[in-house]
Structures are given as structure tokens and as C-alpha cells.
Amino acid sequence: MVHLRIVAPRDTAHAALALLEASDSVINVIHLHDVARKPEGDAILCDVAREDASVVIGDLKGLGIHHDGTIAVEFVDTAISDAADRAERQAAGAPADAVIWEEVAERTSEESAISATYLVFIVLAALIASVGIYLNSPILIVGAMVVGPEFGPIAGFCVATVQRRPDLAVTSFVALAVGFPLAIGAVVLSSLVFRATNVTPDAFTAASHSLSETIANPDFFAAFVAFCAGIAGMLSLTTAKSGALIGVLISVTTIPAAANVGVSAAYGDWHSFGGSIGQLGLNIASLLVAGILTLTVQRALFVRRRALHDAQRAATAR
């Protein structure tokens with residue numbers, strides 16, 4: 001179940017109440033008259049089956065509540081209620097498959113924005129990956145993948161493409177365009193320092209380091225894994241399966257590829273440099289294609305659901 005806290009002007013609040021009471025997937029409707037002060041109006045509380053949350057929120061937005069008031073969305077972990085069970089049965093589909101598009105838009109907008117925290121994380125992830133490359137340590141490479149924040153802007157760009165939001169697309173692109181070069185530059189600088197202080201050897205080649213050699217050789221399987229991870233990542237972002245996102249993060253070599261670009265540049269291994277650039281580009285492209293396709297299918301299903309809902313409302317009104 002999803003909990004909605006609505007603040008609306010008095011006239012709009014009564015229309016919202018009628019809308020909520022008419023929906024079989026909405027329960028626990030509470031109306032608090034003239035209790036809100038900023039903005040002024042009535043407060044309405046209710047619970048709605050997750051499958052119908054975006055549909056109901058869309059109806060509320062149709063009343064202009066998001067302009068004159070507020071619609072806050074909270075998630076109910078446990079609802080012990082026969083009424084809640086009946087509401088979920090009235091909403092077609094499975095709760096775990098339901099997409100709350102307003103939540104997706106909010107999450108991706110936040111995670112796609114370039115910030116000091118994002119830049120620190122992507123630099124730290126690349127530095128950890130570079131050490132993993134030097135030591136040939138899969139554990140450090142996996143750790144770097146988990147730390148890397150780059151999936152947020154990638155997902156944001158996919159959402160922006162499907163929802164036609166140029167502002168989010170620009171924000172996501174800037175985060176990627178700034179983050180990866182900064183991370184690569186940090187690895188180049190640290191590698192030169194390591195080399196000058198004899199922490200790492202004077203010579204380094206991908207051929208003598210199996211992980212670096214693998215990263216620097218993009219192939220069909222690299223693209224295939226990234227494509228599958230893109231689908232899984234988008235599903236984990238848009239549905240109730242967020243725990244799967246960690247598995248996605250450790251299956252795509254974007255951060256290790258960026259780190260290998262920096263290491264190769266510092267040592268003048270231009271063959272490995274070119275291969276790593278290709279791996280990085282291939283992974284990002286595969287993630288984007290998979291994410292956009294996944295969202296397109298999910299959006300089409302939601303549009304169909306929305307159309308059926310509107311048709312039912314029109315029939316009831318007649």
C-alpha cells in the first residue's frame with residue numbers, strides 16, 4: 001500500500017474526496033477540514049494499492065492539487081487489514097510490478113543532479129578500481145563498482161528520454177560528462193604519483209595484468225551483460241525490487257573501464273587506453289538502450305492502464 005497526504009483548497013478538497021471514495025483501490029480516507037495553514041486548506045489522508053497509485057495521483061493532479069496544494073507519497077511497509085487486502089485485489093497486477101511514475105521522476109531527478117557528493121563518490125570509486133587493477137584484485141574491482149554512483153545519471157537520462165524531459169536529460173548528461181573525466185583525471189594523477197614514489201613499478205602493461213586485459217577488450221559479451229544489467233537496473237529502480245540494484249552495480253564495468261583509462265594514460269599504454277575507452281562507451285550505450293527500452297514498455301503498459309481507468313470513470317459518470 002501507498003499512503004497519500006494531500007493538502008488542497010476547500011473546494012478542490014471535496015472533489016478530491018469524491019474521487020478517492022469512488023475508487024475501489026483506495027481505503028482509510030480521512031478528511032481534516034480547514035487544518036492546513038501553509039498552504040491553507042483541508043488535509044486528506046488515504047491509502048491506495050500500489051498498482052493504482054500513479055493512476056490515482058494522476059487524477060488528483062488533474063484537479064490541479066499539485067499547483068494549489070501538495071500531494072505527498074509515503075510507502076506503507078505493512079498493512080494488517082482485510083480492507084487493504086480487498087483494495088489490492090481490486091487493483092489489477094502485482095504490487096511488485098507496479099511503477100509509481102512520480103516516485104521514479106523524483107528519484108532520478110535527485111540522483112542525476114551533479115553534486116559534490118556525486119563527484120567524490122565517482123572519484124573514490126575510480127581510485128579504488130585503479131588499485132584493484134594494479135593488484136589484480138577482483139574484490140577491489142567489485143567494491144569500486146558498488147561505490148560508483150554513475151547509474152543514477154544513466155537512469156535519469158533514460159527517464160528523461162521516455163518522459164520527454166529535456167531538463168533532466170541535460171542534468172544527467174552533465175553529470176556523466178563531468179564525472180567520468182574527473183574520475184579519469186584523478187586516476188592519472190594518482191598513478192603518476194604512485195609511479196614517481198615507487199609505489200607501483202615503472203612499467204605497466206595490460207597484458208601482464210589479467211583484469212586490465214579483460215577490461216580493455218570490449219566484446220559482444222561485455223555489451224550483452226551491460227544490456228541485461230540495464231534492464232535489471234531499471235526494473236529495480238521503477239518497481240519494489242530495489243535490492244536487485246546492488247547486483248546490477250557489480251555486473252557493469254563502467255568504473256573499472258574509466259580507471260583503466262587513467263592507468264593506461266599514465267603509463268602510455270595507448271592500446272589499453274583505446275580498448276578501455278571502447279569498453280566504457282560500449283557499457284554506457286548498452287545501459288542506455290536497455291534502460292530506454294524497459295521504460296518504454298513499462299510506460300506503454302501504464303498508458304493502457306490509464307486509458308482503461310479513464311474509460312471506466314466516464315462510464316460511471318454516465
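Let me start with the lining of the largest pocket: by class, it has 16 nonpolar, 9 polar and 8 charged residues. Keep in mind that this is a predicted model.

Now the space itself. The volume of this largest pocket comes to about 950 Å³. It is lined by 33 residues, and those closest to its centre are Asp52, Val55, Arg305, His309 and Gln312.

Which element gives the largest share of that lining? It is α14, with 11 residues. The helix α14 spans 270-317. Two others, α1 (10-22) and α2 (53-62), also supply at least two lining residues each.

On to the second largest pocket, which holds about 470 Å³ of space. Here 20 residues form the lining, and Lys61, Trp101, Glu102, Glu103 and Ala105 are the closest to the centre.

Where does this second lining come from? At least two residues each are supplied by α2, β4 (70-75), α5 (101-112), α8 (151-163) and α14. The largest share belongs to α5, which contributes 5 residues.

As for the classes in the second largest pocket, its lining divides into 9 nonpolar, 5 polar and 6 charged residues.

If you want to find your way between the two on the screen, look at α2 and α14. Each of them supplies at least two residues to the lining of the largest pocket, and each also supplies at least two to the lining of the second largest pocket. For the largest pocket, α14 gives the largest share; for the second largest pocket, that place goes to α5.

Technical notes
Residues numbered from 1 in each chain as written. Predicted model: local features only at pLDDT ≥ 70, side-chain atom pairs only at ≥ 80, totals over all residues. Heavy atoms only, no water. 1 Å grid on protein atoms, 1.4 Å probe; cavity = no way out; pocket = protein on both sides within 12 Å on 5 of 7 lines; lining within 4 Å. Points joined across faces, edges and corners; volume = space filled by probe spheres on them. Helix = DSSP H or I, 4+ residues; strand = E, 2+ residues; numbered from the N terminus. Nonpolar A, V, L, I, M, F, W, Y, C, P; charged D, E, K, R; others polar.
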